[in-house]
Amino acid sequence: MKIYFAGSIRGGREDAELYYQIIEYLKSFGEVLTEHVGDKTLSALGDDGPTDRFIHDRDLEWLQAADVLVAEVTTVSMGVGYEIGRAVEAGKPVLCLFRPESGKNLSAMIAGCPEIKLVRYETFEEAQMAISAFIEG
């Protein structure tokens, strides 16, 4: 299985450690195409490619190759929203993970989309259970 993990880069890297943990867990189910999202040294400058066009084209190629998309959507990111929209449009299964206790607002475009499996969670263990149910379900 090929998994596309989406998490904020230019929108803020405060959840980089959590992304890393999620990616490590996702690896038990298959290949994570976007492992770099969990790289704790990656800055909010989004310096993971030579140009914006390169990053866009590379990431869309990975998204098209993926079987599923798993996104942590607590930190607002226009890029993550774009990736989710493209995955839904392509008919790919999408799981979005959101931590309500963060005090942040979840986009209505994510919460209101019937094609997205949305899970609100508090602990990493709850996220793991949601991921397992989504992938194995």
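The chain exposes about 7,200 Å² (Shrake-Rupley method, 1.4 Å probe). Carbon and sulfur atoms supply 54% of this area. The model is predicted: local features need pLDDT of at least 70, side-chain atom pairs count only at pLDDT 80 or more, and totals for chains, interfaces and linings use all residues. Residues are numbered from 1 along each chain as its sequence is written, and side-chain values use heavy atoms, without hydrogens and water.

The chain has 5 helices and 5 strands (DSSP runs; H or I of at least four residues, E of at least two). From the N terminus, the order is β-α-β-α-β-α-β-α-β-α. The C-alpha trace spans about 35 × 30 × 30 Å along its principal axes.

The largest nonpolar core has 23 residues. Such a core is a set of buried Ala, Val, Leu, Ile, Met, Phe, Trp, Tyr and Cys residues joined through side-chain atoms within 4.5 Å. Phe5, Ile22, Leu26, Val70, Leu97 and Ile131 have the most contacts inside this core (contact: heavy atoms within 4.5 Å). Strand 1 (2-6), helix 1 (16-26), strand 3 (68-72), strand 4 (94-98) and helix 5 (124-136) each supply at least two of its residues. Apart from this core lies another, of 20 residues, among them Tyr4, Leu33, Leu69 and Cys96. Leu26 touches Ile3, Phe5, Val32, Val70, Ile131 and Ile135, leaving aside residues up to four places away in sequence.

Among contacts between residues at least 6 apart in sequence, 67% join residues at least 24 apart.

Terms used:
Buried means under 20% relative accessible area, exposed over 50%, partly exposed in between (1.4 Å probe, protein chains only).
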